[in-house]
Amino acid sequence: MASLIIDDTETFDNNDVKSLCRNFYSFLIDFKQNNVYIYHEHLKNLLDLEKNTLFIDFNHLQSHCPVTANAFVTRYYWLHDRLSGVISDAIRELYPEEDHSDLKLRRFHVAVDNFEMRKGLRQLTMQHIGVLTRISGQVVRTYPVHPELCTGTFTCEQCETVVENVEQHFKYTLPVRCSNDVCQNRKRFKLDVVRSHFYDYQKVRIQEMQHELPRGSVPRSMDVIVRGECVERCQPGDRFDFVGTMIVVPDVSQLSLPGNKGLVRAARGKAREGYSVEGIRGLKALGVRDLNYRVAFLACNLIPLDFHLGGRRWYEDELTPEFARKHMTDAEFKKICEMRSNKNLYSDLINSLFPSNDEIKRGILLMLFGGVPKRTVEGTTLRGDINICIVGDPSTAKSQFLKQVGEFCPRAVYTTGRSSSAAGLTAAVIRDEESFEFVIEAGALILADNGICCIDEFDRMETKDQVAIHEAMEQQTISITKAGVKATLNARTSILAAANPVGGAYDRTKSLRQNVNLSAPILSRFDLFFVIVDECNELVDYSIGKQILSLHMKKFDEMKRVYSVEDIQRYLMFTRLWNPRLSEAASECLVRNYKRLRIRDSATPTSAWSSLRITVRQLESMIRLSEAVARMYCCDTVEVKHVEEAVRLLNKSIVRVEQPDVDLNEADLAAEEPMEIQEKPTPSDEDAEQQIPSDEQSSQKLTMSFEEYRRISSLLVMHLRSEEEKQESSGVEIGMRLTDLIAWYLTETCNDIDSEEELLETKSLVEKIIHRLLHHDNVLLMLTDDSASTEEDENDPIIVVHPNFAFEND
């Protein structure tokens, strides 16, 4: 690169420079707040060799010396290098007893805080070159840190004369000529690395954020140069405010030969977005140089837009609740204590984030809190992030859930499965524009590290693209081996996916796997599954219609929000610093519920009581959900009540999805043995007409909703279990006759029966339900004694509950 293009026509003279330096020196020495010299301690910290940046508050400088503050803004690039010597002089003045031998070899930087002159990337013009400005953007790529030459010391190769303090401006600059008057050397110089000054240098590429884009525009990008302690402070996906100045760096083309038309050197790599690569054409004889200008931003301070405390983001490992308390105001900490002691915190948080109270919102809220990641002795990482998939009919607000979470969570990336490839979701290997080396371009899952990745139209992804995120969903890493680049990247993100059922509507007669176009490995990696069916319900439709009309009429006051978004973000940040541990009682409760789910899954393999295969991943899901509930209440240990809430939510999502209607005739057909077909006389037309109504009536009675079947069967099983407990305590043989069980149910429902015909229908229906529980669901068993079997025992057997059957907790 060549030197910067800075207009020096209004450059201050030496007297002005000395005056500004004296004012800044006086500011560092004399400024105090509450009778405390706040910058004395900051200057003392710079004696540490690892420190080289002094952070100052612009409001302090403006209140102490407005003239210096104004000059600092308008001529920032021209002044910031000269303030390094002022900092060295202030350290010598305040701490004369310290060793100052290395101050001459060090270069200090001045970083500005609380500077409010914010500009967008599209608003930067030539007037902002060299002026202190604040811009914001999302980091899309970071380059490695390397040393940059600040001032070079060169040795003449002809006369060995040493030329010191040769300023370097974004390029390697040799001395104009040897300082020895006798020597005429102008080209042959050797750099003295030991006596030259270097500092850390890193280049970061940022991009306009979505809410700043004008209508119909493509996001623009810009390179940001950071130095000193600001390097390695941002990663791809972070959103930062950068305080510094815009600079223009020319790319000098090769000059044309005499008498020929000025040509432009071929641009290496692809052109940058929004900038020309051809430059200016002209003739050398006319004094025109062929240049290609490039805009960059020289940043002195980085301010994270994510919620942070003390300049550090909430997801950094070094943060603790004690550190967060020190960097909070009394009002903020009081608000957190008030929220923590709220008995209705669960529902109030849901109502503040989402318009209604629903199980789906509870699951998403627990996903925001997250579980506790762990690492075993063998080095295996156990994820703490919770993955959720929402399956539902069109127009059920699935995408609105994703949009709401994407806007609320500080590190959230929204994408769609149809328009995203495997490389776009994970990472891509591309060739760098300048070095021509292969580098890694972060995808959506890496950009959402320590955040949430919202993927809409998840079922529309190609199969090869779904396979690419298997590792990211469980191990939370992404391994790449392409073009000689081998790396393992972190993807510690929660995935919130939305999928449409096959055919556009959820079919109750089919299982969940048949309704969703997803593979079994993908399904098992989701902790919670929620199914939304667009049903006609008068109360629900009225509530939804009223909510939509309130939005269109802009009646936002009717939406009851207990807490503001800032309060919830602060509370989330604070609670995620807690790492609750499982208690002994909670561990036993987890194991007991896991065994119950496994027994139910194995004891009733063909029934509709379970929708997904229960594996060890469901146990880990219960652990993560329990830890999330404990985090929500800022508890150090996971208690039994936290586990019960996690198990209840798991039963509502994975185990209890929408079930198809139960056909009671299927159990009869399955239980019947093959019989010989006998010819029967063909009925007459009149008989056939008389049989049609009875057949239609019987077919209507044979089919019932799963909820009604579940209710009746639960009543029968619970009564049988209670009778068995009474018989076992009294020492009587356990069991109950079939007729006695039917008679008990008819007695319990006699108030709802109005006629003898309805009584017979109810009796037939209960008989078929018991028959299904015996031969299809295997929930009930018949006790038979072959030695004393009679015809009465065969028609009226003794029935007991299967010993491995476990009730489901609702």
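Trainee: Why is Glu359 called partly exposed?

Mentor: Glu359 has a relative accessible area of 23%, and since buried means under 20% and exposed means over 50%, this value falls in between, so Glu359 is called partly exposed. Please keep in mind that the model is predicted.

Trainee: How do you know that Arg648 forms a salt bridge with Glu359?

Mentor: The closest N and O atoms of Arg648 and Glu359 are 3.1 Å apart, and because the cut-off for a salt bridge between a side-chain nitrogen of Lys or Arg and a carboxyl oxygen of Asp or Glu is 4 Å, the pair qualifies.

Trainee: What makes Arg648 buried?

Mentor: The relative accessible area of Arg648 is 18%, and because buried means under 20%, Arg648 counts as buried.

Trainee: What makes the pair of Asp241 and Arg118 a salt bridge?

Mentor: Here the closest N and O atoms are 2.6 Å apart, which is within the cut-off of 4 Å. Asp241 lies in strand S9 (residues 239–252), whereas Arg118 lies in the loop between strand S2 (109–113) and strand S3 (133–142), so this pair ties together parts that are 123 residues apart in sequence. With a relative accessibility of 0%, Asp241 counts as buried, while Arg118, at 41%, is partly exposed.

Trainee: Why is Lys641 called exposed?

Mentor: Lys641 has a relative accessibility of 54%, and because exposed means over 50%, Lys641 is placed in that class. The side chain of Lys641 meets that of Glu639 in a salt bridge, with 3.9 Å from N to O, and Glu639, at 34% relative accessibility, counts as partly exposed.

Trainee: How many salt bridges does the count come to?

Mentor: The count comes to 24 salt bridges. Elsewhere, Arg383, Glu474, Asp527, Arg617 and Arg624 are linked in a network of salt bridges.

Trainee: How do you know that the buried residues of H26 line one face of the helix?

Mentor: The buried residues of helix H26 (residues 738–748) are Leu738, Leu741, Ile742, Tyr745 and Leu746. Seen down the axis of H26, these buried residues fall within an arc of 135°, so they line one face of the helix. On the face turned away from the buried side, H26 carries the exposed residues Thr747 and Glu748.

Trainee: What makes Ser494 buried?

Mentor: Ser494, which has its place in strand S22 (residues 494–499), has a relative accessible area of 2%, and because buried means under 20%, Ser494 counts as buried. Leaving out residues up to four places away in sequence, Ser494 touches several residues, including Met367, Asp385 and Ile386, and the side chain of Ser494 reaches the backbone oxygen of Ile386 at 3.4 Å.

Key
Residues numbered from 1 in each chain as written. Predicted model: local features only at pLDDT ≥ 70, side-chain atom pairs only at ≥ 80, totals over all residues. Heavy atoms only, no water. Helix = DSSP H or I, 4+ residues; strand = E, 2+ residues; numbered from the N terminus. Buried < 20%, exposed > 50% of the residue type's maximum accessible area, 1.4 Å probe, protein only. Polar contact = N/O pair within 3.5 Å; in protein donor to acceptor, adjacent residues only side chain to side chain. Contact = heavy atoms within 4.5 Å. Arc of directions from axis to C-beta.
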